[in-house]
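Student: I've got a structure open and I'd like to go through part of it. Can we take it piece by piece?

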Amino acid sequence: MIEVKSLSKKYGSYLAVDDVSFSIKKGEVIGFLGPNGAGKSTIMNIITGYLSFTKGNVSVDGIDIIENPEAAKKRIGYLPEIPPLYVDMKVKEYLYFIYDLKKVKFPKVAHIGEIMRLVKIDDVGNRLIKNLSKGYRQRVGFAGALVGNPDVLILDEPTVGLDPKQIIEIRDLIKKLGRNHTIILSSHILSEIQAVCERVIIINKGQIIADDTPDDLAKKLSYDNSLIARIVCDEEDMLKALSSVTGVKSVVSLGKKENGAYDFSITPMEDTDVRAAVYEKVNRSGKTMLSFSSDTVSLEQIFLRLTESGDNDEARRMLGIDTDSGQASEAEPGETVSEESEEKENDSSIQA
């Protein structure tokens with residue numbers, strides 16, 4: 001659905017985007033991450049057709065953004081971090097204006113009504129935008145991006161200003177829209193990306209340093225496959241008991257956590273699954289295990305490890321990527337996949 005090849009963007013002598021290539025299939029929800037100034041906003045603005053680029057190629061649903069910009073832009077809905085709203089308009093009036101501006105061919109009243117119900121702003125349709133809270137304004141911006149039922153949604157910090165309940169609702173909406181729309185989601189709230197996105201692209205210093213699922217990145221950056229067990233017990237006795245389990249390489253106590261329970265970090269020997277044996281040992285000792293889980297690397301830890309390395313090639317080597325070719329030893333999830341475009345002009349429904 002989106003194809004970016006050898007994309008570069010210069011501002012004078014400054015190279016903001018450096019030979020970036022990736023592809024996104026229809027129906028994927030992609031997290032687009034990077035430190036401030038990394039180039040991610042520049043790339044998103046290039047995809048929308050807002051910015052030109054120095055070299056490379058960008059296409060949306062097979063349509064070149066330079067050769068046929070109007071057709072490409074019709075397939076894109078964009079929500080910037082600060083939605084460009086006309087605050088002296090009423091909500092419904094503004095959405096009708098966006099409808100006309102985009103030259104949408106769906107039945108106007110039904111189409112706008114459906115979008116307003118979808119983002120839950122149908123109760124403020126006749127209110128002036130300037131009198132709305134920041135959260136409602138964000139929803140109006142989201143509604144504007146959905147006008148015309150675009151194939152691609154580019155969302156830059158879509159939950160800014162929303163309360164916790166609204167954040168959950170918008171996350172659920174993004175997941176539903178991802179079934180039938182391609183979504184690029186940029187956010188500094190990494191837990192939000194992890195909750196919504198099936199794949200992340202991390203940009204640093206104008207280059208892609210990671211393109212994979214959060215789970216696979218966590219596996220690649222985990223230094224071991226340690227486990228965390230929370231057990232109600234005597235600390236010293238349990239250390240000895242767990243250390244005696246066949247296949248356990250080492251055990252470290254992480255200290256007391258709650259009402260007589262201690263956390264233990266258990267590192268097994270390579271290619272050894274000790275979960276059943278550990279559980280059996282605790283059970284036979286008559287102690288209570290409150291929780292037992294893998295010590296996985298969070299998306300926040302992944303982001304910090306890769307972007308704070310100070311060297312993009314070093315970050316790639318951490319992921320097992322050949323820095324000479326820029327390719328991983330296995331196929332990347334961003335491999336080019338040809339998609340047949342679908343004509344949707346006769347379908348006014350927002351597929352969620």
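Student: What stands opposite Ser253?
Tutor: Phe264 in strand E13 does. Strands (E, at least two residues) and helices (H or I, at least four) are DSSP runs, numbered from the N terminus. This is a predicted model, where local features need pLDDT of at least 70, side-chain atom pairs count only at pLDDT 80 or more, and totals for chains, interfaces and linings use all residues. Residues are numbered from 1 along each chain as its sequence is written, and side-chain values use heavy atoms, leaving out hydrogens and water.

Student: How many bridges join E12 to E13?
Tutor: Eight, and the two run antiparallel. Strands count as paired if DSSP finds at least two bridges between them.

Student: What's the strand order in the open sheet?
Tutor: E12-E13-E11-E14, with antiparallel pairing.

Student: Which strands stand at the edges?
Tutor: E12 (248-258) and E14 (288-294). Each has a single partner strand, so one side of each has no neighbour in the sheet.

Student: Which strands does helix H9 lie across?
Tutor: Helix H9 (residues 235-243) lies across E11, E12 and E13, at about 155° to E12. Axes are lines fitted to C-alpha atoms, for helices over the stretch in contact (heavy atoms within 4.5 Å). Angles run from 0 to 180 degrees between N-to-C directions.

Student: Is Cys197 buried or exposed?
Tutor: Buried, with a relative accessible area of 6%. Buried means under 20%, exposed over 50%, partly exposed in between (1.4 Å probe, protein chains only). Cys233 is also buried, at 12%.
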